[in-house]
Amino acid sequence: MMRGGRLMGLSSQVLGMRCFSTNIFVSRLSFYTTEEEFKDLFSPFGKVKEARLMRDPQTGRMKGFGFVKYSSQAEAEKAIKAMDGRILRGRLIFVEMAKGDQSQ
């Protein structure tokens, strides 16, 4: 919808505000990270509803990133602040709010 030459209903990210999400995106993970290790790593920051490591569908090999879903946004933010830029299995990992809907 246009109003005054501007689109209405822009996403909060376009407007520069943080989106409200309980999902975080973790990148640059070691290919040897296990599902259990991944969940245990992020559980100190709150109740982990789901922890998923993404795998190649043909080979089953880890792709090096995953998603963690928390019970609340505050828990997700706490995990981001604590884990972004940490070293895990010799690799610098990046943690941020997941973009878009990752629930499947």
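On the face of helix α2 that is turned away from its buried side sit the exposed residues Ala74 and Lys81. The buried residues of this helix, which spans residues 73–83, are Gln73, Glu75, Ala76, Ala79, Ile80 and Met83. Viewed down the axis of α2, these buried residues fall within an arc of 160 degrees, so they line one face of the helix. Their cover includes β3 (23–27), α1 (35–42), β5 (62–70) and β8 (94–97). Just after α2, Gly85 adopts a positive phi of about 85 degrees.

The model described here is a predicted one. The secondary structure amounts to two helices and eight strands, and from the N terminus on the elements follow the order β-β-β-α-β-β-α-β-β-β. Of the 104 residues, 35% count as buried. Among contacts with a separation of 6 or more, 61% are between residues 24 or more positions apart.

Strands β3 and β5 run antiparallel and are joined by five bridges; Asn23 stands opposite Lys69 in β5. Strand β5 is also joined to β4, again in antiparallel fashion, through six bridges. Arg52 has Phe67 in β5 as its bridge partner. Together, β4 and β5 form a hairpin with six residues between them, and Gly60 in the turn has a positive phi of about 80 degrees.

In soluble globular proteins, nonpolar side chains tend to be buried together. Here the largest nonpolar core holds 20 residues, of which Ile24, Val26, Phe42 and Tyr70 touch the most other members. The elements that each supply two or more residues to this core are β3, α1, β4 (48–55), β5, α2 and β8. Helix α2 gives the most, with four residues.

Ile24 is found in strand β3 and counts as buried because its relative accessibility is 0%. Leaving aside residues up to four places away in sequence, the contacts of Ile24 include Ala76, Ala79 and Ile80, as well as Phe42, Tyr70 and Val95. The C-alpha atoms of Ile24 and Val95 are separated by 6.8 Å, although the two residues are 71 residues apart along the chain. Val26, counted in the same way, touches Phe38, Phe42, Gly64, Phe65, Gly66, Val68, Ile93, Phe94 and Val95.

Between β3 and α1 runs a loop that contains Thr33. Is this residue buried or exposed? With a relative accessible area of 3%, Thr33 is buried, since the cut-off for that class is under 20%. A polar atom of the Thr33 side chain lies 3.0 Å from the backbone oxygen of Ser30. Beyond residues up to four places away in sequence, Thr33 touches Phe38, Leu53, Met62 and Arg89.

Aromatic rings come next. A pair of aromatic rings is described by the distance of the centres and the angle of the planes. The structure holds four such pairs. In one of them, the rings of Phe38 and Phe42 have centres 5.5 Å apart and planes at 70 degrees, so the pair is edge-to-face. Both Phe38 and Phe42 belong to helix α1, where they are four residues apart, about one turn of the helix. Phe38 counts as buried at 0% relative accessibility, and Phe42 is likewise buried, with a relative accessible area of 0%. Another edge-to-face pair is formed by Phe65 and Phe67, at 6.2 Å centre to centre and with 85 degrees between the planes. How accessible are the members of this second pair? Phe65 is partly exposed, at 25% relative accessibility, whereas Phe67 is buried, with a relative accessible area of 11%. Ring pairs also bring in Phe25, linking Phe25, Phe65 and Phe67 into a cluster.

Note on methods
Residues are numbered from 1 along each chain as its sequence is written. Side-chain values use heavy atoms; hydrogens and water are left out. Buried means under 20% relative accessible area, exposed over 50%, partly exposed in between (1.4 Å probe, protein chains only). The arc is that of the directions from the helix axis to the C-beta atoms. Contact means heavy atoms within 4.5 Å. A nonpolar core is a set of buried Ala, Val, Leu, Ile, Met, Phe, Trp, Tyr and Cys residues joined through side-chain atoms within 4.5 Å. Two strands pair if DSSP finds at least two bridges between them. A polar contact is a pair of N or O atoms within 3.5 Å; within protein, one must be able to donate a hydrogen and the other to accept it, and residues adjacent in sequence count only if both atoms are side-chain atoms. Rings of Phe, Tyr and Trp (its six-membered ring) pair if their centres lie within 6.5 Å; planes under 30 degrees apart count as stacked, over 60 as edge-to-face and the rest as tilted.
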